[in-house]
Amino acid sequence: MRVLSKTERHRVRFVLNGEPVEGYAEPRLLLTDFLRHEIGATGTHVGCEHGICGACTIRVDGKAVRACLLLAVQAEGRRIDTVEGLAGRDGRLSSLQAAFHRNFALQCGYCTPGFLMSLSEYLERNPAPTEADIRLALSGNLCRCTGYAEIVAAALEAAREMATKPAG
Amino acid sequence: MKPASFDYARCDSADEALALLKEHGDEARIMAGGQSLMPMLNMRLVRPAIVVDISAIAALSYCRVEGAAVEIGATFTQGALEAWPEVGRRLPLLAAALPEIGHFQTRNRGTVCGSLCHADPSSELPLCLATLGGEVVLRSARRRRTLKAADFQLGLLTTAREPDEMVMAVRYPLARAGFGYAFREIARRHGDFAIVALAAICNGATVRLGVGGVADRPVVREWANLDAGGLADALNEFAWGLDGSDDIHATARYRREMVRRLGKKVIEEARRCAS
């Protein structure tokens, strides 16, 4: 058992997008704020901070979850993936990101990291989704600009492309 | 929206968690998946002195058939139950209800037992437990006890759990041959809190209906001989007896109407499944 005092900052180490990172956090610090302010990984956005909007969706040990509903200290020893890890090291967009780009699936872009991280897990588990499947899967991500039609189109296009070229 | 400060304990066993509960009593809050507790911490609706994180206790992350029930441990997630290959055959009511709980991203962390402990009146898992007549296993450093669903959930966000107790597991009765099960709910958007949620179990002319989202806890009614002619009157009387109230989401009248209309549909669906 590890008991961490509220008055101290504690070292937190995990693997972020394949690279080890570390920083310091009080127990009450949210993982969103740790990623953005302690690590400097600002791709994960902060929306509602109570698990509704989906903007802060990241992957923890492969599972898409809300970073605003996790404490930084809970990330200790985990594998964390964020939107920064989707593109290749050469900057080439993933199939999913490229499909969002082609389909105008973002306007202001604030919600986009959450949509991408939700879909990155969902499409791994469901490689041949219907439009209804995608709409249900994305019900936990809110977008105030696009009206969703382009996002759904991008997700379906990415699924088709990933089915023929699984490495992307 | 940031939590007030608290000490944090990451437990590796139930004994560690129970020792902390004994020490801190109601100053402690158990966190399993955190999908209800974290929003409450962020909004400072709760300010515990210590958060007892049990999510890493691997020994409690299980789901297995035990006698006439499926026993689910304290850290088993809603997503894991949804993915359990036997859920459709063993727990058809839960198989129907699980996709309605939040979103897959919250089910990835949210636990079955955590939802029961949070005891929101509109939650799906407490409604299923009440309707199926399941039970909750509690433990403290000094004793172990088992409570029936109706004796566990006492009201709005209120359970019979003592401050030094932890819910170790829940037991959902297995589906029985000749019985049909159905679940429906209505919400403004998928994943929102249910305005009205309904769970039905039918066996011949016997009908059991559970309703969530109207009273301060799930309410279950059983009729021994309910034919098609008596259904409308029975549902109307049940709807009025729930004593719902108006709130920001819906009026009491709308909720009664949903109990009558969706109640009929969910009972018909359960009857079809039984035959």
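Analyst: In this predicted model, chain A contains 5 helices and 6 strands. Read from the N terminus, the order of these elements is β-β-β-α-β-β-β-α-α-α-α. The C-alpha trace of chain A spans about 50 × 30 × 25 Å along its principal axes. A compact globule of 168 residues would have a radius of gyration near 15 Å, and the 16 Å of chain A agrees with this. Of the 168 residues, 52% count as buried. The accessible surface of chain A is about 7,700 Å², and carbon and sulfur atoms make up 53% of it. Among contacts in chain A with a separation of 6 or more, 54% are between residues 24 or more positions apart.

Chain A is divided into domain 1 (10–84) and domain 2 (95–163). Their centres, taken over C-alpha atoms, are separated by 22 Å, and the contact takes 17 residues from domain 1 of chain A and 14 residues from domain 2 of chain A.

Within chain A, helix α1 (residues 31–39) has a buried set made up of Leu31(A), Thr32(A), Asp33(A), Phe34(A) and Leu35(A). Just after α1(A), Gly40(A) adopts a positive phi of about 90°.

Chain B is divided into domain 1 (7–53), domain 2 (60–173) and domain 3 (180–274). The centres of domain 2 of chain B and domain 3 of chain B are 21 Å apart, taken over C-alpha atoms. Across this boundary, 23 residues of domain 2 of chain B are in contact with 23 residues of domain 3 of chain B.

The part you asked about is the largest nonpolar core, which has 37 residues. Those with the most contacts inside this core are Ile72(B), Leu81(B), Leu94(B), Val170(B) and Tyr172(B). Helix α8 (residues 124–132) of chain B gives the most to the core, with 5 residues. Because domain 2 (60–173) and domain 3 (180–274) of chain B both give residues to this core, it lies between them.

Not counting residues up to four places away in sequence, Leu94(B) touches Leu81(B), Leu125(B), Cys128(B), Leu132(B) and Tyr172(B). A second, separate core of 33 residues includes Phe14(A), Leu71(A), Tyr8(B) and Met40(B).

Strand β10 (residues 166–173) of chain B deserves attention next. This strand is mostly covered, with 6 of its 8 residues buried. Strand β5 (residues 69–73) of chain B is joined to β10(B) by 5 bridges, and the two run antiparallel. Within β10(B), Pro173(B) stands opposite Ala69(B). Strand β6 (residues 135–139) of chain B also pairs with β10(B) in the antiparallel sense, over 5 bridges. Here Val136(B) has Val170(B) in β10(B) as its bridge partner, and Val170(B) is among the residues with the most contacts inside the largest core.

Two further buried positions in chain B complete the picture. Ser115(B) lies in helix α7 (residues 112–118) of chain B. Its relative accessibility is 12%, so Ser115(B) counts as buried, the limit being under 20%. Not counting residues up to four places away in sequence, Ser115(B) touches Gln78(B), Ser123(B), Leu125(B) and Pro126(B). Of these, Leu125(B) is also touched by Leu94(B).

Ala194(B) is placed in the loop between β11 (180–186) and β12 (196–203) of chain B. With a relative accessible area of 6%, Ala194(B) is buried. Not counting residues up to four places away in sequence, Ala194(B) touches Ser122(B), Glu185(B), Ile186(B), Ala187(B) and Gly213(B). The C-alpha atoms of Ala194(B) and Pro121(B) are separated by 9.2 Å, although the two residues are 73 residues apart along the chain.

Notes
Residues are numbered from 1 along each chain as its sequence is written. Chains are lettered from A and ligands numbered from 1 in the order in which they are written. This is a predicted model: local features need pLDDT of at least 70, side-chain atom pairs count only at pLDDT 80 or more; totals for chains, interfaces and linings use all residues. Side-chain values use heavy atoms; hydrogens and water are left out. A nonpolar core is a set of buried Ala, Val, Leu, Ile, Met, Phe, Trp, Tyr and Cys residues joined through side-chain atoms within 4.5 Å. Buried means under 20% relative accessible area, exposed over 50%, partly exposed in between (1.4 Å probe, protein chains only). Helices (H or I, at least four residues) and strands (E, at least two) are DSSP runs, numbered from the N terminus. Domain bounds come from an automatic or database domain assignment. Contact means heavy atoms within 4.5 Å. The radius of gyration is taken over C-alpha atoms; the globule rule is 2.2 Å times the number of residues to the power 0.38. Accessible areas come from the Shrake-Rupley method with a 1.4 Å probe; for residues, only the protein chains shown count as cover. Two strands pair if DSSP finds at least two bridges between them.
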